[in-house]
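Thank you all for making the time this morning.

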Amino acid sequence: MARGAPARASLAGRTVAAASALRRTDGLMLVAVAALAVIGTMLVWSSTRTWAAGSTGLVKKHVLNLVIGAVLAAVTAMVDHRALRAFAPLVYGVTLVGLCLVLTPLGSTVNGAHSWIMLGGGFAFQPSEFAKLGLALMLAMLLTRRAKGTERPRGPYVVISLVVAASTMALVMLQPDLGTTMVIGVITAGTIVVAGVRKRWIAGLGLAVIGAGAAAWFLDVLEPYQIARFTAFLNPSADPRGVGYNSTQSLIAIGSGEVFGKGLFGGGQTTGRFVPEQHTDFVFTVAGEEFGFLGSVTVVALLGVILLRGARIARECEDRFGMLVGGAIVCWLAFQTFINIGMTIGIMPITGLPLPFVSYGGTATFANMIAFGLLQAIHRRGHPV
């Protein structure tokens, strides 16, 4: 009996710890992520069943990615986010190596971007997705360096942060991946603003962004297809069979769903594959056509729940590192959501960004789930219960 007592005590301790961890989980955000994963699985299945191997080939892989992502999120949520501050340079360094590797013969080109490393067996790895995480941690670490309480970040560390971000953006732009470059820029700007830097830094950053955009446009840094994507959304009907094709077909698909939609597997645009990349970048068009306006609003509302809960977690976090990491993640997910949905309804240019927690994808799913796990970790330890 004496020998069994410690084992029972240990088991009881682990049970209490698990129960405590569950109580400190943001349940509303968890439900929203789970609901989006289920909806996304249905949309991926509908958009790939007529051409994917065995009709369920891609959806099975998508479910596997979600399961792996859920495990990564659970593990991340159990980590003390404050301990990650010491590992931020290592994590960022690893992502930087990945960005460099795709520019070597190891990299592969998919949809015009040389940003993938093929792993075999139909699996691929996109380092730029993890670069978002690495950069968020690195910026949070730098901008809290030697800052106490509500003290503003020191000038030298703001400069270092901008250099780090510029290096990351340059490597991603060389692929070239304009969409991810924009996300990284928003993560940088958002983190700096949340950190409370002086207004002159914000003004200078704004002028630098405008200057960089103008230089990229007039110095032919952008590829012709990228310029075409930016201009086509202004008037897609001018070339409906060319650069305006994606936008035109996307609007037709969403509009045809009307209020209640045509039902799962009932979308003619989806079944006929009129909209390219409908299981990834244009997955929102499947929701619009088959679930209608009400289904589309549901997807937007669930994403809104994640963003609002994430913003609240960041705002209430009592340590600055956690606050900045949370703020960076919210800026990342909010911008990517806005751009993805915006390009499907014709108010934003096509940039090739997937819809968080909904679109098919491996690396993107893993990165999103780890980001979700980080928000949960910050929520669990960022403030007392």
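This is a predicted model: local features need pLDDT of at least 70, side-chain atom pairs count only at pLDDT 80 or more; totals for chains, interfaces and linings use all residues.

Stepping back, we find an open sheet of 3 strands, in the order β1-β2-β3, with antiparallel pairing. Because β1 (107–110) and β3 (123–125) each have a single partner strand, they stand at the edges, and one side of each is left without a neighbour in the sheet. If direction is ignored, neighbouring strands of this sheet are turned by 55° against each other on average.

Let me turn now to a pair of helices. Helix α5, residues 127–143, packs with helix α13, residues 320–344, at an angle of about 145°, and their axes are 9 Å apart; the crossing of α5 past α13 is right-handed. On the α5 side, the residues in contact include L133, A136 and L137, and those they meet on the α13 side include F321, L324 and W332. Sorted by class, this contact of α5 with α13 has 11 nonpolar, 1 polar and 2 charged residues.

Is Q376 buried or exposed? With a relative accessible area of 3%, which is under the 20% cut-off, Q376 counts as buried. Apart from its neighbours within four places in sequence, Q376 is in contact with T25, D26, M29, L30 and A77.

Methods
Residues are numbered from 1 along each chain as its sequence is written. Side-chain values use heavy atoms; hydrogens and water are left out. Axes are lines fitted to C-alpha atoms, for helices over the stretch in contact, and angles run from 0 to 180 degrees between N-to-C directions. Helices (H or I, at least four residues) and strands (E, at least two) are DSSP runs, numbered from the N terminus. A crossing is left-handed if the near helix is turned anticlockwise from the far one by less than a right angle, and right-handed if clockwise. Contact means heavy atoms within 4.5 Å. Ala, Val, Leu, Ile, Met, Phe, Trp, Tyr, Cys and Pro count as nonpolar, Asp, Glu, Lys and Arg as charged, and the others, Gly among them, as polar. Two strands pair if DSSP finds at least two bridges between them. Buried means under 20% relative accessible area, exposed over 50%, partly exposed in between (1.4 Å probe, protein chains only).
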